[in-house]
Amino acid sequence: MSPRPFPLSLLALLCLLPALSQAGERGARIVIDPGHGGAKEGAKGPGNLWEKDIALQIAQRLRDKLEAAGSEVFLTREQDTQMALSERVDFSNIQRPDLFLSIHANSMPTKRLRERTEGIETYFLSANASGEAARAVADRENAEAPTARAGRGHSTLAFILDDLARTEAHSDASRLAYAIHPRLVSKSGAADRGVQQAPFFVLTGVEAPAVLIEVGFISHPQEGARLGKAAYQEALAEAISDGVQAFLRESRRRDHSPSAPVAGSTGP
């Protein structure tokens with residue numbers, strides 16, 4: 001008995017999985033997510049600095065730089081408004097982005113830790129956190145998340161496609177994080193706290209390579225003050241943009257590199 005042909009509809013659906021090579025040709029679609037907003041102020045910094053404001057200011061600067069480089073950019077919030085984490089995910093997926101960047105500022109709970117803990121961390125999604133510190137950051141940022149989410153669908157095909165898309169997006173998210181992070185550290189001169197993994201709610205449902213960037217510890221007296229300065233925010237935005245462009249260039253090279261002979265071609 002001859003094998004049954006592969007269903008044409010499934011082939012068509014598989015072809016709809018994100019292709020970053022196309023993003024390079026048409027200009028990437030990027031969603032930037034400024035953390036918190038409205039009554040959800042996030043972490044507190046020196047004076048009247050709040051995480052929600054720093055995140056939005058950096059996100060707006062980053063948007064300008066990415067748009068200047070040819071990308072189409074969407075912000076999950078344009079002003080100081082409250083937006084649930086699930087709404088951020090839904091908004092992002094509606095845009096069908098090629099990349100998702102969530103901007104946050106870190107914090108420590110005690111005076112002693114606030115005085116000595118500083119530096120930049122870049123995260124991509126994992127069910128298991130890199131360590132206790134990474135788990136604590138995820139727990140703080142997940143505090144606004146709902147306790148449960150409705151399932152997206154139960155068909156076998158939907159499960160297969162979701163799994164394939166998430167596997168590819170997870171691999172690309174790791175590469176995106178490692179493209180952005182060293183540039184952030186180099187450009188800012190901030191302490192390098194590394195690329196980390198953690199189960200951030202806002203990254204779980206986004207159907208694109210997604211990273212969460214903790215641009216510094218707003219709770220640190222000196223670093224917190226720097227985060228409020230326009231020049232420093234510009235440097236951070238430029239570094240993130242440079243990392244995104246490097247990631248897109250590498251993705252184009254990877255996707256355009258022939259991995260097998262083209263049908264009908266002749267050998268050397």
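The side chains of E141 and H104 are joined by a polar contact of 3.0 Å (N or O atoms within 3.5 Å, one able to donate a hydrogen and the other to accept it; residues adjacent in sequence count only through side-chain atoms on both sides). This is a predicted model: local features need pLDDT of at least 70, side-chain atom pairs need pLDDT 80 or more, and totals for chains, interfaces and linings use all residues. Residues are numbered from 1 along each chain, and side-chain values use heavy atoms, without hydrogens or water.

**E141**
- E141 lies in helix 6, residues 132-141 (a helix is a DSSP run of H or I, at least four residues, numbered from the N terminus).
- E141 counts as buried because its relative accessibility is 4% (buried means under 20%, with a 1.4 Å probe and protein chains only).
- Beyond four places in sequence, E141 is in contact with H36, E51, L85, H104, A105, F200 and E214 (heavy atoms within 4.5 Å).

**A cavity**
- The second largest cavity has a volume of about 30 Å³ (on a 1 Å grid, points where a 1.4 Å probe fits but cannot get out; the volume is the space filled by probe spheres set on the points).
- Its lining includes H36, H104 and E141 (lining residues have an atom within 4 Å of a point).

**Nonpolar cores**
- The largest nonpolar core has 40 residues (buried Ala, Val, Leu, Ile, Met, Phe, Trp, Tyr and Cys joined through side-chain atoms within 4.5 Å).
- Helix 10 gives the largest share of this core, eight residues.
- Another core, apart from it, has 18 residues, among them A134 and V137.

Note on methods: Helices (H or I, at least four residues) and strands (E, at least two) are DSSP runs, numbered from the N terminus. Buried means under 20% relative accessible area, exposed over 50%, partly exposed in between (1.4 Å probe, protein chains only). On a 1 Å grid over the protein atoms alone, a cavity is a set of points where a 1.4 Å probe fits but cannot get out, and a pocket is an open set with protein on both sides within 12 Å along at least five of seven lines; lining residues have an atom within 4 Å of a point.
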